[in-house]
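Q: I would like to learn how to read the features of a protein model. Can we go through one together?

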Amino acid sequence: MKNSVYWPAMKIWQQHLQQALSSVAQLYAYLDLPGDPAQNDTGFALRVPRPYADRIERGNLQDPLLLQVLYQAQELEITPGFTLDPLGEVNANPIPGLLHKYKGRVLIVLTGSCAINCRYCFRRHFSYADNAALKHWEKIRTYIQNDPTIEEVILSGGDPLLVGDEQLGRIIQDIDAITHVTTVRFHTRLPIVIPDRITDDLVNMLRDTRLNVVTVLHCNHANEIDDCVQEKLALLKPVSTLLNQAVLLKGVNDSVDALVHLSKRLFESKILPYYLHQLDPVTGTQHFFVSPEHGVELIAQIRAQLPGYLVPQYVQELSGATNKSPLSENF
Ligand SMILES: *Cc1c(COP(=O)(O)O)cnc(C)c1O
Ligand code: SF4
């Protein structure tokens, strides 16, 4: 036998991460986009794994998936009301990586990284460097253990599924051992971005826990769900309730048609729409802004076309509020 060092093989999803497209020029070349790529100098890098890029129509600068990931010169414009930290989250965590703003639920920023960089992201300026929950896991575990009012642990980020299966398995086991916690929830875009992230190991660990598992996916457009995504989500379905949250984005999904299609496509994949978020007013995202008046109008129109369970709650997050705030149709 050869005397060689054993390296665990990288899983397919990890290879996709490593090979993600990482510059505007690379994306232009990969998708045969017309014209000259704009320079990306915002400090928020372009990042698009190929399985997601492959769902973008070649040569189409208006593709609703492309618009979510492509750097635009408008990002550099300054708009009144758009700030760096509109949610005031920088000061809202008792332990680095833990947010306890909502009754009965804690949110854990498990990692600051994401598989994809969404240009509209409200966390694009958030400093995650000192917020790595993994580093502070013992403190977080003790905090949850000592507060019997915490029933649900929300694993968020960044994207919590960037954490590998082994480490994630240990975290789930730790939460499982805290008897007053009934539910673990993932807020993740990874199954949409790289469907191969739904590994057998992940499915098995979610099957083996006593905890009620909820996965809130993040899908903004029907085209994000192709047959491959649908196939992989079918593996997750038996072990998790599947919900979706979307962000209302100008040019991407701000039409009755786009929102109706999104809801129908989600339902075909056994996912129920949960939230439609009003864009958080973060510097560099103003070109995605849809007015709340228009959003409310869109919701009223899709309500006229769909069963109630396919109409998401249109909400916004207000700094200091202890729940998401609905944008009312009586606005
Ligand atoms: C959104 C959010 C939650 C979860 O809210 P739900 O309405 O239960 O989905 C919990 N904690 C924080 C800090 C949040 O931002
Ligand atoms: S995956 Fe979510 S957290 Fe990450 S950049 Fe996109 S919107 Fe932001």
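Q: Where is Thr 199 found?

A: Before the case itself, note that this is a predicted model. Thr 199 is found in the loop between α7 (190-193) and α8 (200-208).

Q: Is Thr 199 buried or exposed?

A: A residue counts as buried under 20% relative accessible area. Thr 199 has a relative accessible area of 11%, so Thr 199 is buried.

Q: With which residues is Thr 199 in contact, leaving aside its neighbours within four places in sequence?

A: They are Lys 11, Trp 13 and Asp 165. With Asp 165 there is also a polar contact, side chain to side chain, at 2.7 Å.

Q: Where is Arg 55 found, and is it buried or exposed?

A: Arg 55 sits in the loop between α3 (50-53) and α4 (66-69). Its relative accessibility is 10%, so Arg 55 counts as buried. A polar atom of the Arg 55 side chain lies 3.1 Å from the backbone oxygen of Pro 51. Beyond its neighbours within four places in sequence, Arg 55 is in contact with several residues, including Asp 63, Glu 224 and Asp 226.

Q: Which residues of the largest nonpolar core touch the most other members?

A: The general idea is that in soluble globular proteins, nonpolar side chains tend to be buried together. Here the largest nonpolar core has 90 residues, and those touching the most other members are Leu 27, Ile 108, Ile 144, Val 153, Leu 155 and Ile 175. Helix α10 (residues 256-268) gives the most to this core, with five residues. To follow one member, take Ile 108: leaving aside its neighbours within four places in sequence, its contacts include Trp 137, Ile 144, Val 153 and Leu 155.

Q: Which residues are around ligand 1?

A: A ligand is read through the shell of residues around it. For ligand 1 these are Lys 101, Tyr 102, Arg 105, Leu 107, Ile 154, Arg 185, Tyr 274, Tyr 275, Glu 317 and Lys 324. By class, five are nonpolar, none is polar and five are charged.

Q: Which side chains lie at 2.6 Å, 2.7 Å and 2.9 Å from an oxygen atom of ligand 1?

A: An N or O atom in the side chain of Tyr 275 is 2.6 Å from a ligand 1 oxygen. For Tyr 274, the distance from such a side-chain atom to an oxygen of ligand 1 is 2.7 Å. A polar side-chain atom of Lys 324 lies 2.9 Å from an oxygen atom of ligand 1. Taken alone, ligand 1 exposes 390 Å², and the protein buries 93% of that. The elements that give two or more residues to its shell are β1 (98-102), β2 (105-109) and β7 (272-277).

Q: What surrounds ligand 2?

A: Ligand 2 is surrounded by Cys 114, Ile 116, Cys 118, Tyr 120, Cys 121, Arg 189 and His 218. That shell divides into five nonpolar residues, one polar and one charged.

Methods
Residues are numbered from 1 along each chain as its sequence is written. Chains are lettered from A and ligands numbered from 1 in the order in which they are written. This is a predicted model: local features need pLDDT of at least 70, side-chain atom pairs count only at pLDDT 80 or more; totals for chains, interfaces and linings use all residues. Side-chain values use heavy atoms; hydrogens and water are left out. A residue is near a molecule or strand if one of its heavy atoms lies within 4 Å of it. A polar contact is a pair of N or O atoms within 3.5 Å; within protein, one must be able to donate a hydrogen and the other to accept it, and residues adjacent in sequence count only if both atoms are side-chain atoms. Accessible areas come from the Shrake-Rupley method with a 1.4 Å probe; for residues, only the protein chains shown count as cover. Helices (H or I, at least four residues) and strands (E, at least two) are DSSP runs, numbered from the N terminus. Ala, Val, Leu, Ile, Met, Phe, Trp, Tyr, Cys and Pro count as nonpolar, Asp, Glu, Lys and Arg as charged, and the others, Gly among them, as polar. A nonpolar core is a set of buried Ala, Val, Leu, Ile, Met, Phe, Trp, Tyr and Cys residues joined through side-chain atoms within 4.5 Å. Buried means under 20% relative accessible area, exposed over 50%, partly exposed in between (1.4 Å probe, protein chains only). Contact means heavy atoms within 4.5 Å.
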